[in-house]
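Q: I'm new to this one and would like to be walked through it. Could you show it to me before I start asking things?

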Amino acid sequence: MHVLVTGGAGFIGSNFVHYLLEQTDHSITTVDALTYAGSTNNISGVLDHDRHEFVEGDIRDSNLIDDLLIDVDAVVNFAAESHVDRSIDDAEPFVSTNVEGTRVLLDGALDHDIEKFVQISTDEVYGTIESGSFSEEDSLTPRNPYSATKASADLLALSYHTTHGLPVVVTRSSNNYGPRQHREKLIPKFLTRAAAGDQLPVYGDGSNVREWLYVEDNCRAVETVLGEGESGEVYNIGSGDELTNLEVTEKILSVAGGDTDQIEFVEDRPGHDQRYSLNTAKIRSLGWEPNWSFEEGLRATAKHYL
Ligand code: NAD
């Protein structure tokens, strides 16, 4: 299979490119605009791989996408503006890349004989939940500009299945962590700051709960969906490892050798979702389950950053 991976120089995309090259015989074209969040350093070891080609380019460029889709069997769309705090400062690039960029890819896929279009979405599209877990049938209530654009792209992709019969599958995963994540994100930022003896700015009282998924487990789930996911279906991907931000911070301090004095509570993010939690029975019915505990994943991540 020839797979077009968009956003493959970013965090999850680059891990996915490595995963596919190591675990399958697929050939891969990676397209990435190399924004501040993307770097060829993330795929430097596979730039010359005989089953891999890297193209610097923008998913909103319909001519480029049209060219790239010739001979492609499947698209996995990771490319996105991905940082919630940045979307609060300026939503424009989020709407442009996450929604319009996805539209360009979907229209391109319609014009070519694409066997599978995997749209990478997020648990944030469901909004916040007090107790229990979100299943794929729950309504979408995104509460920040980032998650609103991801929900838009997710629904647009599903509409191309219903309206045009495009073989679309959507994955909604929980928070990922692991090697090659940008240092603006919580775990890499706190690991490096903890080791350097710097303060760790925790939003609000640190009680917000996230379900942490090691990136390799997500890559294996996306590859499962790429092969076996049913067109028109959505698959939640989560580990079940729910932790408050304060608990994550304390675990990071113990792994990186810091001190709890370094924790600094700062003004909460506006509209900060209290808790995300996913019901993952559907992806588990395809035979997938997470392999990494949070402690193991955090140690592996710390090794990468420190
Ligand atoms: P990232 O910010 O690390 O990577 C995004 C990549 O997309 C970057 O390499 C960037 O250069 C590229 N990109 C941005 N705009 C582009 C454009 N217009 N054209 C081509 N490339 C462009 O993000 P990530 O954390 O790896 O997330 C990847 C995907 O997974 C995103 O769609 C995100 O919404 C989704 N997701 C992420 C998480 C998480 O915890 N990181 C959780 C659930 C879902």
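This is a predicted model: local features need pLDDT of at least 70, side-chain atom pairs count only at pLDDT 80 or more; totals for chains, interfaces and linings use all residues.

Q: Okay, which residues come nearest to the ligand?

A: Gly7, Gly10, Phe11, Gly38 and Ala80 come nearest, out of the 30 residues around the ligand. Sorted by class, that shell has 14 polar, 11 nonpolar and 5 charged residues.

Q: And which element gives the most to that shell?

A: That is α1, with 3 residues; α1 spans residues 11-23, and at least two shell residues each are also supplied by α4 (92-111) and β5 (116-122).

Q: Switching to the inside: which residues of the largest nonpolar core touch the most other members?

A: Phe16, Val75, Val76, Phe117 and Val118 do, in a core of 68 residues. The largest share of this core comes from helix α7, residues 215-228, which contributes 6 residues. There is also a second, separate core of 6 residues, and among its members are Val125, Tyr126, Phe134 and Ala151.

Q: Back to Phe16, what is it in contact with, leaving aside neighbours within four places in sequence?

A: With those neighbours set aside, Phe16 is in contact with Val5, Gly8, Val76, Phe78, Cys219 and Val222.

Q: Now the strands. Why is β6 said to be largely enclosed?

A: The reason is that 6 of the 6 residues of β6 are buried, so the rest of the structure largely encloses this strand. In a regular strand the side chains alternate between the two faces of the sheet. In β6, which covers residues 168-173, Val168, Val170 and Arg172 lie on one side and Val169, Thr171 and Ser173 on the other, and all of them are buried.

Q: Which strands does β6 pair with, and in what sense?

A: β6 pairs with β5 in the parallel sense over 6 bridges, and Phe117 has Val168 of β6 as its bridge partner. β6 is also joined to β11 by 4 bridges, and those two strands run parallel; there, Thr171 has Tyr235 of β11 as its bridge partner.

Q: Is β11 covered on one face or both?

A: Both faces of β11, residues 234-237, are covered, with Val234 and Asn236 buried on one side and Tyr235 and Ile237 buried on the other.

Q: What about the loops: where is Ala91, and how far is it from Pro145?

A: Ala91 is found in the loop between α3 (84-89) and α4, and its C-alpha atom is separated by 6.1 Å from that of Pro145, although the two are 54 residues apart along the chain. Ala91 counts as partly exposed because it has 17 C-beta neighbours inside 10 Å.

Q: What are their phi values near?

A: Phi of Leu34 is near 50 degrees, a positive value in a residue other than glycine, and phi of Arg180 is near 75 degrees, again a positive value in a residue other than glycine.

Conventions: Residues are numbered from 1 along each chain as its sequence is written. A residue is near a molecule or strand if its C-beta atom, placed from the backbone, lies within 6 Å of it. Ala, Val, Leu, Ile, Met, Phe, Trp, Tyr, Cys and Pro count as nonpolar, Asp, Glu, Lys and Arg as charged, and the others, Gly among them, as polar. A nonpolar core is a set of buried Ala, Val, Leu, Ile, Met, Phe, Trp, Tyr and Cys residues joined through C-beta atoms within 7 Å. A residue is buried if 20 or more other C-beta atoms lie within 10 Å of its own, exposed if 12 or fewer, and partly exposed in between; C-beta atoms are placed from the backbone. Two residues are in contact if their C-beta atoms, placed from the backbone, lie within 7 Å. Two strands pair if DSSP finds at least two bridges between them.
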